[in-house]
Amino acid sequence: MRTYLACVGTRPEIIKIAVLYRLLREQGHHVQLLHTGQHEEVAQVLYRFFGMPPDYQIELPRRSPLLGNLTATLLERIDKVVEEADPDVVLVQGDTTSAFTGALAGYYHNISVAHIEAGLRTGEHEPFPEEKNRELIGRLAHWHFAPTAQAQANLIREGIEPDRIFMVGNTVIDAALWVRERISQGLFDPRLAMPRQLRSFLAQYSQNRLMLVTAHRRENWGQPIRDIAAAVVKLLNAYPELVVVWPVHPNPSVQDDVSTGFAGLAAQARSRLCLTQPLDYPAMIALLARCYFSLTDSGGIQEEASALARPVLIARHSTERQELVQAGGACLVGTDTQRIVDEAAKLLDDEATYRRMQLPASPFGDGQAAERISKVLITT
Ligand SMILES: CC(=O)N[C@@H]1[C@@H](OP(=O)(O)OP(=O)(O)OC[C@H]2O[C@@H](n3ccc(=O)[nH]c3=O)[C@H](O)[C@@H]2O)O[C@H](CO)[C@@H](O)[C@@H]1O
């Protein structure tokens with residue numbers, strides 16, 4: 001039986017590794033968890049929620065704006081953990097600096113690396129530095145777990161041996177469905193995971209159509225986020241029954257942009273806007289299930305929304321998730337205020353357009369990705 005070290009540190013990585021981690025352990029495998037410390041504020045709550053206490057934790061020094069510092073520090077510290085844990089396999093997910101340095105440390109120790117969510121590409125400079133991280137992990141990994149046929153094709157085009165690539169779906173769908181099932185079984189009440197202000201907002205506006213907004217990507221910091229906020233202002237003014245919930249990312253630059261964007265909003269419209277702190281995962285899934293549609297630059301939210309049949313307006317100029325746009329479940333609207341308003345208006349005004357964007361099944365998977373990954377890891 002192989003031993004595993006899962007190396008994760010950001011919110012989406014933790015969510016996207018959780019079901020696989022639990023499954024491998026349930027099957028009796030020795031799986032250790034390394035928390036790299038990248039998203040310290042939200043990580044510990046997620047580890048508790050999914051029942052996955054880290055075996056190793058890196059405490060990153062105070063945030064440095066230089067990516068070179070982060071990369072060097074993580075590589076040095078992850079390398080020590082890999083040496084001590086001495087696993088047979090290093091598991092990494094996605095495209096963060098934690099994932100890249102985890103893969104590199106595994107490679108340095110001659111340990112096979114499994115890359116979950118392999119093969120996503122925009123083919124552009126953005127997202128920076130994630131696009132390059134993904135490519136580099138592609139050069140280092142032994143197993144490449146691609147979520148879709150397009151991701152698989154991207155890897156083949158880059159010369160990865162086809163028999164090392166496995167199309168399994170995205171593990172984020174496993175996580176979202178796992179949470180939704182537990183909510184419906186009454187195993188926990190997502191309202192308890194919501195800030196009080198959000199709970200009373202949802203109770204007050206229980207019959208209204210709700211737009212869920214998030215924006216955090218580096219390329220959207222500054223004017224683009226202010227433009228997204230301007231679109232929300234216009235929509236609140238134009239649709240007196242529309243309500244908006246925006247969990248604001250903790251990054252200070254994002255917080256400033258959001259509050260500047262809503263500075264002049266009139267009181268009546270302001271009362272239908274709930275700016276809230278980042279939500280715990282079950283609260284986020286419950287809110288996605290409750291919303292009418294979502295406007296977001298988040299990759300994970302696009303994927304989850306598609307599994308919950310919620311249309312998505314993608315507030316980015318390029319996407320590595322073309323599958324959703326091609327299937328008709330999302331529209332790439334960028335961050336231009338008027339474009340966002342126009343596309344949102346189509347969803348709000350035209351029932352047929354709205355129904356067309358509610359997909360019967362997600363192009364990102366069926367909730368069985370972790371099961372497929374574990375089979376490959378055990379048998380090949
Ligand atoms: C360039 C790019 O697209 N890269 C992506 C990026 O991930 P992202 O854009 O999906 O990141 P976020 O939006 O931060 O996280 C999303 C998750 O967080 C949950 N959530 C969100 C707000 C909240 O208030 N409470 C929550 O619980 C939400 O439901 C979802 O599950 O990096 C990942 C790691 O490498 C990659 O995999 C992924 O390709």
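This is a predicted model: local features need pLDDT of at least 70, side-chain atom pairs count only at pLDDT 80 or more; totals for chains, interfaces and linings use all residues.
Student: What is the mean pLDDT of the chain?

Tutor: Let's start with confidence. The predictor gives the complex an ipTM of 0.95 and a pTM of 0.95. Within the chain, 100% of the residues reach a pLDDT of 70 or more. The mean pLDDT of the chain is 96.

Student: How far apart do the C-alpha centres of domain 1 and domain 2 lie?

Tutor: The domain assignment gives domain 1 as 3-170 + 365-379 and domain 2 as 187-356. Taking the C-alpha centres of domain 1 and domain 2, the distance is 28 Å.

Student: Which element gives the largest share of the side of domain 1 that touches domain 2?

Tutor: In this contact, 17 residues of domain 1 meet 14 residues of domain 2. On the domain 1 side, H1 and helix H2 (40-50) are the elements that give two or more residues. The largest share, 5 residues, comes from H2.

Student: Which element supplies the largest share of the shell around the ligand?

Tutor: Both domain 1 and domain 2 give at least three residues to this shell. Helix H1 (11-26), helix H12 (281-290) and helix H13 (299-307) each supply at least two. The largest share, 5 residues, belongs to H1.

Student: Which residues come nearest to the ligand?

Tutor: There are 28 residues around the ligand. By class, they are 12 nonpolar, 9 polar and 7 charged. Those that come nearest are Gly94, Pro278, Ser298, Gly299 and Gly300.

Terms used:
Residues are numbered from 1 along each chain as its sequence is written. A residue is near a molecule or strand if its C-beta atom, placed from the backbone, lies within 6 Å of it. Helices (H or I, at least four residues) and strands (E, at least two) are DSSP runs, numbered from the N terminus. Ala, Val, Leu, Ile, Met, Phe, Trp, Tyr, Cys and Pro count as nonpolar, Asp, Glu, Lys and Arg as charged, and the others, Gly among them, as polar. Domain bounds come from an automatic or database domain assignment. pLDDT is the predictor's confidence in each residue, from 0 to 100. Two residues are in contact if their C-beta atoms, placed from the backbone, lie within 7 Å.
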